[in-house]
Structure formats: C-alpha cells, structure tokens
Amino acid sequence: MSQFTTPFRAELVGKNLWSTTEPFEYHVGKLSSDEVISVPIGFVTNFASVPRIFWPIISPIDEHGKAAVIHDYCYYEGMYSKQISDMIFREGMRVLKVKPWKVWCMYNSVKWFGWSTWWKYRSRQKKESL
C-alpha cells in the first residue's frame with residue numbers, strides 16, 4: 001500500500017495559506033515504489049479548496065490534509081495528468097483512512113470542478129517557459 005513516509009510540517013503564512021517547513025514525501029502505489037512525490041520546503045498550500053459554506057461538513061484542514069497537499073503539489077507542478085493527480089489524491093485519502101463518503105465527495109469535487117485550478121497552473125508553466 002502507498003505511504004506517507006515523512007511527517008507534514010507547515011506554518012501559517014497568510015489567510016488559509018500554509019508553507020511547508022520540512023520536505024514531505026508520498027510513495028505512489030506502494031511503499032517500495034520508486035515513484036515518490038517530494039514536496040519541498042516553502043511550498044504553499046491551502047490544503048483542500050472547500051467552499052466555506054461546506055466547512056461544517058468538510059473542513060479544508062482535516063484528516064485528508066496530507067493527501068490534499070500532495071494533490072496541490074501535483075497540480076502546481078503538472079507532474080502528472082489531472083486525472084492521475086486526482087487519483088493520487090483519492091489513493092492518499094484512502095491511505096489516511098478518510099471515511100469513504102468523504103473520499104467520494106472530495107475526489108469527485110476535484111474531478112469535476114478542479115479544471116480551473118489545473119489550467120491556471122498550466123498557464124503559469126507556459127508563461128515561465130517563454
């Protein structure tokens with residue numbers, strides 16, 4: 001089974017924004033996987049982009065937090081397709097033993113509504129490469 005192999009440490013740097021203070025790793029697919037997502041020191045995340053109206057049901061910062069940071073990093077870097085990034089998010093939530101109903105809600109939310117964020121980061125990458 002996949003595994004988060006390092007603790008997640010971050011500090012608040014803005015309204016609902018956190019910056020990693022230590023490197024953070026996740027092994028995709030299984031613990032012995034050579035496919036490791038390494039989030040560097042200084043990566044800024046908002047955890048999960050949950051609309052405020054839903055916070056009483058699903059908080060942006062909760063048991064799914066580590067998976068949300070990995071997902072944010074995958075989107076930001078464009079290291080995988082959107083579909084694979086979303087599936088890694090789902091896998092990470094399952095590793096963290098997030099309740100199945102919450103996994104379903106959060107995974108389908110990013111699957112259906114994450115396109116604007118995905119394309120925002122692809123646009124950024126395109127501008128940086130010029």
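E25 has its bridge partner in β5, namely S38. The coordinates come from a predicted model, and the pairing I describe belongs to that model. The two strands concerned, β4 and β5, run antiparallel to each other and are joined over 4 bridges.

Let us stay with β5. Its covered face carries I37 and V39, whereas V36 and S38 lie on the uncovered face. In general, side chains in a regular strand alternate between the two faces of the sheet.

Leaving aside residues up to four places away in sequence, M93 touches H64, A67, V98, V103, M106 and Y107.

I turn now to the charged side chains. How many salt bridges does the structure hold? There are 4, and I shall discuss several of them.

In one of them, E22 meets R9, with N and O 3.4 Å apart. E22 sits in the loop between β3 (17–20) and β4, and R9 in the loop between β1 (3–4) and β2 (10–14), so this pair ties together parts that are 13 residues apart in sequence. Both partners are partly exposed: the relative accessible area is 32% for E22 and 42% for R9.

Next comes K102. Is this lysine, K102, buried or exposed? Its relative accessibility is 4%, so K102 counts as buried. K102 forms a salt bridge with D62, the closest N and O atoms being 3.1 Å apart. Here K102 belongs to helix α3 and D62 to the loop between β6 (44–45) and α1, 40 residues apart. The side chain of K102 also meets that of E63 in a salt bridge, at 3.3 Å from N to O. E63 lies in the loop between β6 and α1, 39 residues from K102.

Taken together, D62, E63 and K102 form a network of salt bridges.

Thank you for your attention.

Notes:
Residues are numbered from 1 along each chain as its sequence is written. This is a predicted model: local features need pLDDT of at least 70, side-chain atom pairs count only at pLDDT 80 or more; totals for chains, interfaces and linings use all residues. Side-chain values use heavy atoms; hydrogens and water are left out. Contact means heavy atoms within 4.5 Å. Buried means under 20% relative accessible area, exposed over 50%, partly exposed in between (1.4 Å probe, protein chains only). Two strands pair if DSSP finds at least two bridges between them.
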